[in-house]
Amino acid sequence: MTPIDIPTSRPKTPDAVTEPPVVRYLLTGVALSFLGLFLLLPLAAVFVEAFSGGIGVYLDAIRNPDTLAAVRLTLVAAGVSIVLNTIFGIGAAWLIAKFDFPGKSLLITLIDLPFTVSPVISGLIFVLLFGAQGLLGPWLSDAGIRIVFAVPGIVLATVFVTFPFVARELIPLMQEQGTDEEEAAVVLGAGPWKTFWRVTLPNIKWGLLYGVILCNARAMGEFGAVSVVSGHIRGVTNTLPLHIEILYNEYNFAASFAVASLLTLLAVATLVVKSLVERSAARRLTPVTQNTTS
Amino acid sequence: MLLVQKRHSVLPGFGLSLGYTVFYLTLLLFIPLGALFLKTSTLSWNAFWVTVTDPRVVAAYQLSFTTAFVAASINAVFGLLVAWVLVRYTFPGKKVFDAAVDLPFALPTAVAGISLTAVLAPNGWIGQFLDPLGIKTVFTPLGIIIALTFIGLPFVVRTVQPVLEDLDKDVEEAAASLGASRWATFRRVILPAIFPSLLTGFALSFARALGEYGSIVFISGNMPFKTEVVPLLIMTKLEQYDYTGATAIAIVMLVFSFLLLFLINILQRWSGTRTVR
């Protein structure tokens, strides 16, 4: 143990748990400059580049039939992903949060898996399964079904990379809420669906919405996995991110950034909704958190 | 597989939710991953070894690990700083900056890629200042590091931030009243408390950077031995219809991902950030 010098003048409490103003301003300045340089500057660059050719070029790029086809495919892939992964997310969260069984932590790890797997590998596994040289390839081509380099492959890859989002939001939330309210409902005679609709769903609605928003943002923006399974057929298997890549590689920068600006608006909207959801969830949970932390 | 042996519960839906979860994961996860491992097993050990020890592949692994490590380290330092400033200080526009931290999660990687390339190009907003200094970022490993830093930042901020918020100020007051300087308090009291979460954020950011594709593809220029990271190499092999080569490289990458996931799980259990307290 090192001896501790007790200062003769006792430090005032407010100053003791913070830094001198100079340090505070300096740290804040460095942190905000970093955020501005790394996050806000690229964000602004998208819009500046998008309008670099004038508003006419911008509108032409967006009204282009290939762009509109890409918008449609992106909406389809995102729509299917949201529906399937929301059902899965609620089911998995119910299972993990409400019951105890061996293998639970393994199951949670498996649900996280798409987050750690490279998007390129996520696409590759579907090519190896359904591609011409893949396991089911010969059988599928005999049956005349195309999955890879066609729309089903894009939807599958998108569902794969986005399946953790809803489950991941709901699991900790439902674990925290416990099982008391549902047990009371069941004991009082409510059926399974009534218990879910009237007790569980109102409790998890903000977390659910949050998960769906994140799932949607990733589904619409997924690039690597979709790139592997798409085959880049213009107007057929091009999603918005893939369309951005094609335009960019053709040196059609203004059009590329114009399409990118659509996805950037989606990202900004996602962040706005996300902070609104967080704020309403926080307001709802305030009494609880205050009790547990203070 | 999972052993069905639940503790007695009055709640309905155990069988249904277990069945559905396992069914969905089998369809989406086990069968496709099984296909990958089955494909690898058709490779002879020799062919596998020749593929993964090819100098170009080894160079890609080295580049991927180095750039991911540097980017995750930058994120650990600046992510901690950003989390600190957001939790401890008040300043105008704080809510906007707080929300903006999640931008890399929400912005599609391809958009981030072309945007960073535009900003860093020799005639871009930042590139025009770096170019006269002889600093090249586009088509160099430095550009890859910048892209990976962008992608990984939220991981560190969002794992450290809640721990910092929950930190008890009494301990800091005690340290101060016992005569510790502010810096000593930070180093001896605060840092040990947030260190597990900082390490978790570092590992998450590193794991994400290792597999990243979309934000790098535009800025790297994809030159073998110079700026070709592993996901780009897998993509190149696929475009040449070299499925066995792509699979062999992917398997090695996947093993590293699993190891990292395992490590992150241990870290998260240690730091307690995973489950809400």
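**Figure 1. Helix α6 of chain B in a predicted model.** Helix α6 of chain B covers residues 109-120, 12 residues in total. Its first and last C-alpha atoms lie 16 Å apart, close to the 16 Å expected at 1.5 Å a residue. That expected span is 1.5 Å times one less than the number of residues. Helices are DSSP runs of H or I with at least four residues, strands are runs of E with at least two, and both are numbered from the N terminus. 12 of the 12 residues of α6(B) are buried, so the helix is largely enclosed by the rest of the structure. Among them are B:Thr109, B:Gly113, B:Ser115 and B:Leu120. A residue is buried if 20 or more other C-beta atoms lie within 10 Å of its own, exposed if 12 or fewer, and partly exposed in between, with C-beta atoms placed from the backbone. This is a predicted model: local features need pLDDT of at least 70 and side-chain atom pairs count only at pLDDT 80 or more, while totals for chains, interfaces and linings use all residues. Residues are numbered from 1 along each chain as its sequence is written, and chains are lettered from A and ligands numbered from 1 in the order in which they are written.

**Figure 2. Chain B as a whole.** Chain B holds 13 helices and zero strands. Its C-alpha trace spans about 70 × 65 × 30 Å along the principal axes. Of its 277 residues, 45% count as buried. Among contacts with a separation of 6 or more, 75% join residues 24 or more positions apart. Two residues are in contact if their C-beta atoms, placed from the backbone, lie within 7 Å.

**Figure 3. Helices α3 and α8 of chain B.** Two packed helices are described by the angle between their axes and the distance between the axes. Here α3 (residues 55-88) and α8 (residues 141-166) of chain B have axes that come within 6 Å and cross at roughly 40°. That angle makes α3(B) oblique to α8(B). By class, their contact has 22 nonpolar, six polar and one charged residues. The crossing of α3(B) and α8(B) is right-handed. Axes are lines fitted to C-alpha atoms, for helices over the stretch in contact, and angles run from 0 to 180 degrees between N-to-C directions. Angles under 35 degrees count as roughly parallel, over 145 as roughly antiparallel, 65 to 115 as roughly perpendicular and the rest as oblique. A crossing is left-handed if the near helix is turned anticlockwise from the far one by less than a right angle, and right-handed if clockwise. Ala, Val, Leu, Ile, Met, Phe, Trp, Tyr, Cys and Pro count as nonpolar, Asp, Glu, Lys and Arg as charged, and the others, Gly among them, as polar.

**Figure 4. B:Ala76 and its surroundings.** B:Ala76 sits in helix α3 of chain B. With 21 other C-beta atoms within 10 Å, B:Ala76 is buried. Not counting residues up to four places away in sequence, B:Ala76 touches B:Val156, B:Leu198, B:Gly201 and B:Phe202. B:Thr149 is 73 residues from B:Ala76 in sequence and 9.9 Å away in space, C-alpha to C-alpha.

**Figure 5. Helices α10 and α13 of chain B.** The axes of α10 (residues 182-211) and α13 (residues 243-271) of chain B come within 9 Å and cross at roughly 160°. The pair is therefore roughly antiparallel. The crossing of α10(B) and α13(B) is left-handed. Residues of α10(B), including B:Pro196, B:Ala203 and B:Leu210, meet residues of α13(B), including B:Phe256, B:Leu263 and B:Trp270. The contact divides into 12 nonpolar, six polar and no charged residues.

**Figure 6. Where chain B touches chain A.** The contact takes 86 residues from chain B and 89 residues from chain A. Helix α1 (residues 14-41) of chain B gives the largest share of the chain B side, 16 residues. That side divides into 60 nonpolar, 16 polar and 10 charged residues. A:Ala267 lies in helix α14 (residues 253-293) of chain A. A:Ala267 is buried, with 24 C-beta neighbours inside 10 Å. Beyond its neighbours within four places in sequence, A:Ala267 is in contact with A:Ala217, B:Leu103, B:Ala106 and B:Leu107.

**Figure 7. Positive phi in two loops.** Most residues other than glycine have a negative phi. A:Phe149 has a positive phi of about 60°. A:Phe149 lies in the loop between α7 (137-143) and α8 (151-162) of chain A and is partly exposed, with 18 other C-beta atoms within 10 Å. B:Phe225 has a positive phi of about 70°. Its place is the loop between α11 (214-220) and α12 (230-239) of chain B. B:Phe225 is exposed, with 12 other C-beta atoms within 10 Å.
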